[in-house]
Amino acid sequence: MAAPQDVPTITLNNGVEMPQVGFGVFKVPPRETQQAVETALEAGYRHIDTAAGYANEEAVGKALRASGIPREELFVTTKLRNGEQAAGTARAAFETSLEQLGLDRVDLYLVHWPAPGLGTYREAWADLEQGFRDGLARAIGVSNFLPHHLRDLLQGSTVVPAVNQIELHPSFQQPETQQASREHGLAVEAYAPLGQAKDLDLPAITRIAQEKGVTPGQVVLRWHLQEGRIVIPKSVTPERIASNIDLFGFELSQGDMAEITGLDTDTRLFPNPDEANFTQMD
């Protein structure tokens with residue numbers, strides 16, 4: 001089990017410190033979310049990642065309050081649903097998320113998808129910029145933005161996004177999106193960092209895990225950390241929750257790192273951001 005002080009932080013482009021390992025609650029049912037988050041906080045996590053589209057913000061907020069951990073020690077991320085991107089609706093959605101979480105501000109608020117077919121992400125970003133200026137978030141950013149979405153957004157923005165949260169795991173690494181994000185000053189955050197467990201059976205991963213005496217999941221998460229990325233593994237199993245943050249008693253060699261990086265393919269597990277025009281309002 002890791003102590004909170006063991007977890008390194010990434011300094012975002014506005015100076016905010018973000019814990020490099022977080023706990024994700026994607027597809028965790030609301031009735032299970034509070035217990036899972038409480039377990040994660042007990043295991044040493046201080047960074048929790050949710051979204052309006054997950055329908056579990058209220059349960060996350062209950063867990064944060066039940067923990068008794070001072071607010072200044074926590075880092076909370078949530079996200080704007082695609083169907084609430086239009087000008088005039090994003091601000092209300094932002095405030096609703098704060099109400100659900102029971103917070104007066106979040107640490108990071110993201111545009112969840114570019115949803116280019118809706119044509120509203122630039123309007124959403126303008127509302128996020130105003131929310132940021134008004135103190136509703138310590139940092140704002142994007143998720144699932146490809147290089148051309150970033151370029152388009154930055155042409156009309158006054159605040160550079162702090163983070164781009166993207167699908168990223170050994171078998172799908174998006175090097176061009178990583179590079180474009182970093183060139184523009186955005187930190188790269190990996191969701192589905194274990195490839196929804198599919199990457200854990202890759203022979204290179206299992207062999208390195210055996211050599212190091214750790215789990216395949218720990219190998220993959222350590223690879224992300226040594227690459228300088230933020231990661232948000234998700235689990236509802238207490239043992240796995242604990243092991244996913246217990247990453248600081250070993251290191252991967254340059255050879256190990258290169259071998260894992262060599263596993264990249266062009267196979268997504270999640271929708272292509274150029275085609276993902278759903279509203280998330282169901």
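**Packing in a predicted model**

Of the 282 residues in the protein chain, 56% count as buried. The model is a predicted one.

Visitor: What radius of gyration does the protein chain have, and what would a compact globule with 282 residues have?
Guide: The C-alpha atoms fill a box of roughly 55 × 40 × 35 Å along the principal axes. A compact globule with 282 residues would have a radius of gyration near 19 Å. The value for the protein chain agrees with this, at 18 Å.

Visitor: What share of the contacts with a separation of 6 or more joins residues 24 or more positions apart?
Guide: The protein chain has 10 helices and 10 strands. Among its contacts with a separation of 6 or more, those between residues 24 or more positions apart account for 75%.

Visitor: Which residues have the most contacts inside the largest nonpolar core?
Guide: The largest nonpolar core has 68 residues. Apart from it lies another core, of 12 residues, among them Val16, Met18, Ala139 and Ala162. In the core of 68 residues, those with the most contacts are Phe23, Val106 and Tyr109.

Visitor: Is Ser97 buried or exposed?
Guide: Ser97 is found in helix α3, residues 90-101. Beyond its neighbours within four places in sequence, Ser97 is in contact with Ala52, Glu57, Thr78 and Tyr109. Its relative accessibility is 2%, and the limit for a buried residue is under 20%, so Ser97 counts as buried.

Visitor: Which kind of aromatic pair do the rings of Phe23 and Tyr45 form?
Guide: A search of the whole structure finds 7 aromatic pairs. The centres of the Phe23 and Tyr45 rings are 5.5 Å apart, and their planes stand at 65°. Planes over 60 degrees apart count as edge-to-face. The pair of Phe23 and Tyr45 is therefore edge-to-face.

Visitor: How many residues apart in sequence are the parts that Phe23 and Tyr45 tie together?
Guide: Phe23 is buried, and so is Tyr45. Phe23 lies in strand β3 (residues 23-24), while Tyr45 lies in the loop between α1 (30-43) and β4 (47-49). The pair therefore ties together parts whose separation in sequence is 22 residues.

Visitor: How many residues apart in sequence are the parts tied together by Trp113 and Phe278?
Guide: Trp113 and Phe278 form an edge-to-face pair, with 5.4 Å from centre to centre and 80° between the planes. Trp113 is in the loop between β6 (108-111) and α4 (121-133), and Phe278 is in the segment after α10 (254-261). The separation in sequence of the parts tied together is therefore 165 residues.

Visitor: Is Phe278 buried, partly exposed or exposed?
Guide: Trp113 has 5% relative accessibility and so counts as buried. Phe278 has a relative accessible area of 34%. Buried means under 20% and exposed means over 50%. A value of 34% lies in between, so Phe278 is partly exposed.

Visitor: How many residues of helix α8 are buried?
Guide: Helix α8 covers residues 216-226 and is mostly covered. Its buried residues, including Val219, Leu221 and Trp223, pack against β9 (187-191), α7 (203-212), β10 (230-231), α9 (238-243) and α10. Of the 11 residues in α8, the number buried is 9.

Visitor: Which residue has its charged end over the ring of Trp223?
Guide: Trp223 is one of the buried residues of α8. A charged end sits over its ring, 4.5 Å from the ring centre. The charged end belongs to Arg229.

Notes: Residues numbered from 1 in each chain as written. Predicted model: local features only at pLDDT ≥ 70, side-chain atom pairs only at ≥ 80, totals over all residues. Heavy atoms only, no water. Core = buried A, V, L, I, M, F, W, Y, C linked by side-chain atoms within 4.5 Å. Buried < 20%, exposed > 50% of the residue type's maximum accessible area, 1.4 Å probe, protein only. Phe/Tyr/Trp six-rings, centres within 6.5 Å; stacked < 30°, edge-to-face > 60°. Helix = DSSP H or I, 4+ residues; strand = E, 2+ residues; numbered from the N terminus. Lys NZ or Arg CZ within 6 Å of the ring centre and 35° of its normal. Contact = heavy atoms within 4.5 Å. Rg over C-alpha atoms; globule rule 2.2 N^0.38 Å.
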